[in-house]
Amino acid sequence: MRVIGRSVPRLEDEPLLKGEGRFIDDIRLPGMLEAAFVRSPHAHAAIRGIDKTAALALPGVHAVYSRADLMPHLATEFMAVGLPSASYKQDLNRPALAGDEAVHVGQALAIVVADDRYIAEDAAALVEVDYEPLAAASDCRAALSAGAPTAHRKSPHNLLAEFDMAYGGVDAAFARAAHVFRESLWQHRGGGHSIECRGAVAMHDAPQDKLTLWSSTQMPHAAQRLLCDMLGRDENQVRVITPDVGGGFGPKLVFYPEDVVTALAAILVGRPVKWIEDRLEHFVATTQERDQYWDVEVAVDRDARLLGIRGTMVHDHGAYTARGVNLPYNSAENAPLGYELPAYRMNVKVALTNKVPVTPVRGAGHPQGVFVMERLLDRVAHELKLDRAEVRRRNLVPGEKMPYKTKLKARGGLTIELDSGDFPKCQHEALGLAGWNDFPPRKSAAEREGRHIGIGLANFVKGTGRGPFESVTVRIGPSGKVHVYSGAAAMGQSTKTMLAQVVAEQLGADLGNITVTAGDTGVISMGLGGSNSRQTVMAGASAHAAASKVRDKALKVASHTLEVSHGDLEIEGREIRVKGSDVKLDLGRAARSVAGTAGYSLPAGMAPGLEATEHVVIDAMAYTNGTAVAEVEVDVETGAVRIAKLVLVHDCGRILHPVIVEGQLMGGIAHGIGNALYEWMRYDENAQPITSTLADYLLVTAPAMPPVELGHQESPTPLNALGVKGVGECGVVPIAAAVCSAIEDALSPYNVRITRTPITPADIVELIQNGS
Amino acid sequence: MSASRAISVTVNGARREAEVPVRLTLADFLRHRLELTGTHVGCEHGVCGACTVLVDGRSVRSCLMLAVQANGREITTVEALAPAGGGLHPLQQAFRDHHGLQCGFCTPGVLMTLVEFLSLNESPSEAQVREAISGNLCRCTGYQGIVDAALDAAKRLRA
Amino acid sequence: MKPPRFAYHDPQSLSEALALLGRLDNARLLAGGQSLMPMLNMRLATPDHIIDLNGIADLAFIKVEPEALAVGAMTRQRDVEFDARIRSRCPLMHEAVLQVGHRQTRNRGTLGGSLCHLDPSAELITVAAAMDAVVTAQSKNGSRDVPFAEFPAGLMTPALRPGELVTAVRFPLWREGHGHAFVEFSRRHGDFAIVSAAALLEEAGGKITRASLTLGGIAPAPVRVAEVERMLTGSVPAIELFREAGEACRKLEVMEDVHVTAAYRRQLAAVLSRRALEKAHERVARH
C-alpha cells in the first residue's frame, strides 16, 4: 500500500487555511438579492391573515411571497421525505410555507426578497401576521395523554408512529429471572450547530428554464429530486451544487422549506436569490434531536448474564416528519448490539410536539441505545456487587462468534449481522490504557483527601456504511490528470482526500494528480450523500472499483502501446512504466490513444476512454465498535465535573488515514461530552425555546476537553474490498454513557444514580442532597 | 443624519476607501464590500469567534464592530497570513501538519486569535493555548489538532 | 441578525458627547460593543441613535494614586488586565478581569461599559461593589459622584439621570499586603459567572481587621454581605469561621430564573464565599 494507510496531507487544507474556501455565503452572482423569512413566534397558532403592504413599501424590497403566491407554481406543496416504515399512523409532511396554521416556533410563512439582508430583515419585521395562538403540545409524554392539545389542529391525536422491536420470549425470560431491575432514563440530545449555519443560493436561467441551487447540504441528489417534484421540472432542468460546507452533522442532510422557497423566489423575481440562515434561525428552523424517555427493565440470571430487556420509549418527533422514524428506530435497535441478549422487546411511541422537527444529529439515535444498555449493566453490577467490566465481559459477543447474526432487523428489513470485531479484546485494551484495575486504591486515596474521583466504561457497536450504494466516476483525461466525481458530499470529514487516496492507490499514488468533484448533481447522475458514516465505505468501495477498472484499462493500453505484458507494468505518478526500466507511457497519452481520432480505429480490442463509473451495492452495514473509559473528578459542593482522562479504543476496520480517523474520533468525543454535560435545548411548557442563543446553549470549548488517549484495533470487514468501516459518528456514541458511569462512581458515597443526560452541576448537587 | 459614512480603513496593508451604511458590521464590510470572504460569520452575537480579525493587532469579533468604527484603523484578516510569494505562514503550515482543521469554517477566526496570542506568549503551555482559544468554537475537531498545531507553530516561530 | 437602522454619532470630545446625550431621544451609548452589539444584531435593542464613545481619548486612562485607583470609563478591559500597577495594588480587579469573557471580549470591552450594562453576572461590577467604588457621572450640566452601592437602580439599570454618562470610576485601594480572592462558578471558561464571590481581608495581630465580602449573580445587583463582614472583623481567621460565613451566605435572598434555581444559587453562594475567604486569608502577606 503506497498511500492507503498513510496520513497524507489533505487536499482540502490549503485553500481553507488561506481563507479561499467557497462556502455558501461566499457565493456572489450578478444581480443577486438576499432573502429573510418571516417566522412564527408562536409554537402553535392559526394564521388568519398576512399583510405585506408595509413590507413591500420599504425601499429596496423586491418581493414578499407567502403560500398563496407560491401555490400556482408548486406541483406539490408538501415534502414527502419520510423513510418508509409500516409504523406511521399519520402523514405529516412539511409544506413549503405555512398556510393557515403554524406548528412550531420558527416555522416560515413568508419570504422577503430585498437588496441585502439588512433590508430584508427590516421588511420581515414589517410583515403583519394575524395569529390566533392555539394550545401547544410541548412535553412529548404529555402530548400522548388523552385530551392533550394536538400539535396539528386536524390531527386526531399526537401519536405519529408506534412500533415494537422484539424477539425471543421476553416475558418468559423475565418470569424465570433471578434478578430484575428497572430504570427510568431521560435522554436529551440537542442540535447540530455546525459553525456554519444553513444557506442556499438560487439562480434561474429563464430562457432555458434551468435552475441552479447552491445549497449547504449533505444530500444534493435528494435535494434535486425534491426540487423537481415540487417545482414540476425534470432532472435536466435542476442542478444542485454543494459549495464548501462548514460542517453538517446530520441536520444538513434534510431538505428544507427554505430551499424550495428560495429557489421559487429566484424564479419569480427573475434574479438570483441568496438566503443565509443566522444562528437564531438555526435554533428554531433547523432540525435537531431532543428527548427520549425510556422505561426499561433488565432480567439477569444469578451470574449476571442477560436474559432479557423490555420496556417502552417515548420519542419527541417534533411537528412534522422531516426524515422518518429512523432515529427512534436506531435507538431501539442499538441497545442490544454488541451483547448477547436472548430476548428483547421495546415498544416505541413517536410523539408529535409543537417544536421544530427531529432528525438525526451525529450518532443518529445510537448514543441513546448505548446509554440504556450501559446504565442497565452498571445497575446489574451495582446490585450484584460485581465489577462493571466483569459484567460486560460475561455478556459481550465473544470474538469467536463473529460474524454474529442478531435477531434484529435494520430498517430496510435485513437481519443485522455483526460482520467483524473483537469486543472483549477492545474492552480489555481500553481498560488497560485507562488503568481500570489500579483505580480502586487511587479512589480511596482521593477520598481520604476529600476528593471524589470515579471511573466508568461503555461499549458500543454502530452500523456504518449504510447502503445501498454511492456512485463514483473515475476518468483519466487527455491532460493526464485523474478526475474523480462522486455523489458523495463533503462537510469537513475529508471526503475528497479519502477518495483521492483510494483512487491514487490504483493510479500512480500521486495525490497532486487527482481532482475530486463531489456533491454536484451536474457531474454525476445519482448519489445518496453524507450520512450514517457511510462515505468511506460506500464511496470508497465504488472509487476502488472504478479506479481498479481504469487501472486495468490503462495497463491494457500501455501493454499494447509499449508491447510488453500487463504484468510488467506499474503506474507511478503520471506515468505507466515498465518495471525496472525507463520505458514509459504518460497517462495523458494513454488517455488520448483511446479517445479516438476521426476515421481511425481504436487499438485492437480497446474500448473508448479511460473511465469507469461504479455503484457498488452493499446492503449490509459494516459494524464499528469501541470501548470508552472515562475518569472524572466531581466537586461535590458545586457539582462541577472535570473529566480527568478519556480513553477510547476503537475498531473501524481497515484505517485509510490514521490522522483523519483520529480527528473524526476527537470531534465525536467532543460532541459526546457536550451531550453528557452541556447541551440542552430547552423549551418551556408552551413549546417556546428557552435556550435560543449560543450563550445559553453550551457547546464544548477547548478548555473543557480532557486528555484523550485513543487506541485502535483493525478488524477488516469482509463486506467491501477495502475492508473499511465508517468512523464519522462513532466518537460520540459511548461518551455520555461512560461519563455518567464515572460520575455515578465518583458519587458512590452519596448513593446517587445518574439516569439522565445531560447532567449538569446543579443536577448533581440536587442528587447529592436528595440521596444522602 | 445620513445613513452612510465615508470610511478609510487599512486592510491587510492596503488603504481601502468606501461609503458604508452606518449599521453595516465590520464582518459584512470585509466579506461583502471588500470581498475578503476568508473571515466567516457563525453566530453574530459574540460567542463563536469565527469572525475574529485583528484590529490594530488585537483580536476582535468583527460581528460586534461596526464598519464605521474601523475608520482610521488597521485591520488584518486571514488573507494576510500566507506570504505574497507563495507558501504558507508557519501557523498555517502547522495546522496542515497536525490536522488542525476539518471543515475549515472556524479556522480563519482561530488563526487570527492565535496570531495575537503567539505574539504575546512565545512559549505557551497546552493549558494556555486552550484558554487562548476558549472564545473560538469548533464543532469538527475536538480541538486537539488545533492545540497541537498551535504548540508546534510556537516552536517554529521561536526558531 | 443584522442591526436595525439608527443614526450614528461619533463625538470626538466629552463635551460633544454630553451635548448629544442631552438632546437626543432614544439614544444608546456604544462603548466596547460586547454587550450592545449582540443586542443590536438580535434586534433586542432598537435605539434611534448610537453615540459611539470610542473616539474620546480622554475617557481612557488608568491613574494609580496612593489611596485609590482611578480608571476612565472607556479603558479597555485588556489594558486593566495588563497593567502591572493594578496587578500589584488592586489584585482583586486583576484576578476578576482575567475571567471576563475571552481575549476578544477584553480587547474591546470597557470598564464603564460593563458597569453601565450592570449584568448581574458580570465580574467587574462585583469588584466595584467589593471595593466601594465611586462612579463619576457627567452631564452637560455638571458632574456627580455616585457610591457604587447606590449605582444599580434595578436589574440592568444604572441610577443615571437623562443626559448623564459615566466618565470614570475610582477604587479606594486596600492596604499593601491585604488578601484578595475573586472566585466564580461558570459552566465554561469565560462564560458569565453564575455566582461569584469577591473577598478582601486585612489582618493584624492574628485577627481580621477589615473584611469585604461580595456575592455577584445572586441578585440584580452585587450583594455586600455586611452581616458576615461584621462577624469576620475582629475574629481570628479559621476554617470554622469561614464555614460559618459561608452558611450565613446560604441564607441570603437569591434570584430564581429559568436557567438557574434559587436553591443552586444558595449552594454556590455558601461554597464560593467560603472558598473566597479561605483564599483571601491565604494570600494575606505574613510579616
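Q: How much of chain B is buried?
A: Of the 159 residues in chain B, 63% are buried. Buried here is a count: 20 or more other C-beta atoms within 10 Å of the residue's own, with C-beta atoms placed from the backbone.

Q: Before I go on, what kind of model is this?
A: This is a predicted model, where local features need pLDDT of at least 70, side-chain atom pairs count only at pLDDT 80 or more, and totals for chains, interfaces and linings use all residues. Residues are numbered from 1 along each chain as its sequence is written, while chains are lettered from A and ligands numbered from 1 in the order in which they are written.

Q: Back to chain B. Why does its radius of gyration agree with a compact globule?
A: Because a compact globule with 159 residues would come out near 15 Å, and chain B has 16 Å. That radius is taken over C-alpha atoms, and the globule rule is 2.2 Å times the number of residues to the power 0.38.

Q: And what does the C-alpha trace of chain B span?
A: About 50 × 35 × 25 Å along the principal axes.

Q: How many helices and strands in chain B?
A: Five helices and five strands. From the N terminus, the order is β-β-α-β-β-β-α-α-α-α. These are DSSP runs numbered from the N terminus: H or I of at least four residues for helices, E of at least two for strands.

Q: Which domains does chain A have?
A: Domain 1 (29-368), domain 2 (396-462 + 622-771) and domain 3 (467-614), with bounds from an automatic or database domain assignment.

Q: How many residues do domains 1 and 2 of chain A put into their contact?
A: Domain 1 of chain A contributes 41 and domain 2 of chain A contributes 37. On the domain 1 side, β10(A) gives the most, with six residues.

Key. Contact = placed C-beta atoms within 7 Å. Buried ≥ 20, exposed ≤ 12 C-beta atoms within 10 Å, placed from the backbone.
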